[in-house]
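Subject: Structure handover

Hello,

Here is the structure I promised to pass on. My notes follow below it.

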Amino acid sequence: MPVEVKICGIRDAGAMDAAVAAGADFVGFVFFPPSPRAVAPGDAAALSARHAGGPVRVGLFVDPTDDALAAILAEVPLGLIQLHGEETPARAAAIRARFGLPVMKALGIAAPEDLAAVDDFAPVVDRFLFDAKPPPGGPLPGGNAQSFEWQLMAGRTIPKPWLLAGGLTPANVAEAIRTARAPGVDVSSGVERARGVKDPGLIRDFIVSARGR
Ligand SMILES: O=C(O)c1ccccc1N[C@@H]1O[C@H](COP(=O)(O)O)[C@@H](O)[C@H]1O
């Protein structure tokens, strides 16, 4: 199976077009206002509408309310909800049931015991994303260009499809996939020319490197 690739933090047409042309499996829209990659729902809808079909459109949320989810889903045709906050398994299950969309739960990993949460979430989510734990007191729970020890994933049986994230770049993604034995990867900072500004060339390079050709 080819490695799955998600390009997160899409905010402009050049990035959207590059991700689609290079064959990304997922594109992420960040609906978290403090992020430099936050996008207005109307803009995300317009970017999505540039291409019929193509990657799954992922909405990235951090501890969203039902009202926030409903408002964004009314405008943007999302195929997957990414929960990147402190959501509990019960909250993830409630979101999945209420909105009828698959859910990907992001877990911050710094030590082997952080993977224990997989067992709690596995019955109620469709996918996992493993990211580095954010710096204490930092403004963003993800998207910090920080890697964790990829070896922590090796040999682990994760009962759902999963993506490796955190500090990935075109230069390190192949090694990260090999070390973690990751079936998929997710990137934001590593394909940017400035914080929050995607580089179409780096998007292409990342996808080529991840897929090994
Ligand atoms: O990208 C963001 O701004 C962001 C904000 C809040 C939560 C998660 C966020 N991004 C996610 O983090 C991973 C890793 O990012 P990076 O490649 O290390 O910059 C990213 O792929 C998003 O899924």
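Start with helix H2. What covers its buried residues includes helix H1 (13-21), strand E2 and strand E3 (56-61). Contact here means C-beta atoms, placed from the backbone, within 7 Å. Helices (H or I, at least four residues) and strands (E, at least two) are DSSP runs, numbered from the N terminus.

This is a predicted model: local features need pLDDT of at least 70, side-chain atom pairs count only at pLDDT 80 or more, and totals for chains, interfaces and linings use all residues. Numbering runs from 1 along each chain as its sequence is written.

Back to H2, residues 41-48. Ala-44, Leu-47 and Ser-48 are its buried residues (20 or more other C-beta atoms within 10 Å of their own, with C-beta atoms placed from the backbone). They sit on the same side of H2, because they cover an arc of only 100° around the axis. That arc is taken from the directions from the helix axis to the C-beta atoms.

Next, strand E8 (residues 184-187). Gly-184 and Asp-186 are buried on one side, Val-185 and Val-187 on the other. E8 runs parallel to strand E1 (residues 4-8), and four bridges join them. Strands pair if DSSP finds at least two bridges between them. Lys-6 has Asp-186 as its bridge partner in E8.

Best wishes

Definitions and conventions. Buried ≥ 20, exposed ≤ 12 C-beta atoms within 10 Å, placed from the backbone. Contact = placed C-beta atoms within 7 Å.
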